[in-house]
Amino acid sequence: MKVDCIIDGKTLSLSLNSNKPLSLILMENIHNESIRSACNGRFCGKCVVLLEGKAVLSCLVPAFEIRGKSITTFESFQTTKDYQDIEKAYSIVKAKPCSSCFAARTLLIQSLIAMNENDEGDIKKEMEIMECGCMDEEDIVKVVQVAIEIRRRRRARRS
């Protein structure tokens, strides 16, 4: 099956099995390093990407679902000002994920910020897909809330 999609801003036309998971597409066809080094294919939460801006586990997304969609991986995201907002929030809260889940957790936080989700319960629920316990739940909530405020102020200055 032919799948046209946009990965990290590049329009691609890929010939794939329709059920091939996005995580394998990223590893085998795109040679994405953050997925390759993190995903163990067992729903650990470490293969998060942004699909149309929403965080998804790439190991659960079949190829047919990415047709015509835009996917953002951590490699691309970390070059943005939005990434810098989250980095600043990690620093302010003095809490940062371990290297094993850093990329995935950062993309999850980005997804929450994009939805302007600052409710403590909703943030904790969204973060449940991460098996890694390197960060305290309260610190995660603070990081999201601080990053939302940083982003709001940055965008207000531009206006």
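Biologist: Where is Asn-32 placed?

Modeller: This is a predicted model. Asn-32 sits in the loop between helix H1 (22-29) and helix H2 (33-36).

Biologist: Is Asn-32 buried or exposed?

Modeller: Look at the relative accessible area. Buried means under 20%. Asn-32 has 5%, so Asn-32 is buried.

Biologist: Which residues does Asn-32 touch, leaving out those up to four places away in sequence?

Modeller: Contact means heavy atoms within 4.5 Å. On that count, Asn-32 touches Leu-26, Met-27, Thr-73 and Glu-75.

Biologist: With which side chain does the side chain of Asn-32 make a polar contact?

Modeller: That partner is the side chain of Thr-73, at 3.3 Å.

Biologist: Now the rings. How many aromatic pairs are there?

Modeller: Rings pair if their centres lie within 6.5 Å. The count here is 5 aromatic pairs. Take Phe-74 and Phe-102: their centres are 5.7 Å apart, with 85 degrees between the planes. Planes over 60 degrees apart count as edge-to-face, so this pair is edge-to-face. The pair links distant parts of the chain, 28 residues apart. Phe-74 lies in helix H3 (residues 74-77), and Phe-102 in helix H5 (residues 102-114). Both Phe-74 and Phe-102 are buried.

Biologist: What kind of pair do Tyr-83 and Phe-102 form?

Modeller: An edge-to-face pair, 6.5 Å centre to centre, with 85 degrees between the planes. Tyr-83 is in helix H4 (residues 81-93), 19 residues from Phe-102 in helix H5. Tyr-83 is buried, and Phe-102 is too.

Biologist: Which residues do ring pairs link into a cluster?

Modeller: Phe-74, Phe-77, Tyr-83, Tyr-90 and Phe-102.

Technical notes:
Residues are numbered from 1 along each chain as its sequence is written. This is a predicted model: local features need pLDDT of at least 70, side-chain atom pairs count only at pLDDT 80 or more; totals for chains, interfaces and linings use all residues. Side-chain values use heavy atoms; hydrogens and water are left out. Helices (H or I, at least four residues) and strands (E, at least two) are DSSP runs, numbered from the N terminus. Buried means under 20% relative accessible area, exposed over 50%, partly exposed in between (1.4 Å probe, protein chains only). A polar contact is a pair of N or O atoms within 3.5 Å; within protein, one must be able to donate a hydrogen and the other to accept it, and residues adjacent in sequence count only if both atoms are side-chain atoms. Rings of Phe, Tyr and Trp (its six-membered ring) pair if their centres lie within 6.5 Å; planes under 30 degrees apart count as stacked, over 60 as edge-to-face and the rest as tilted.
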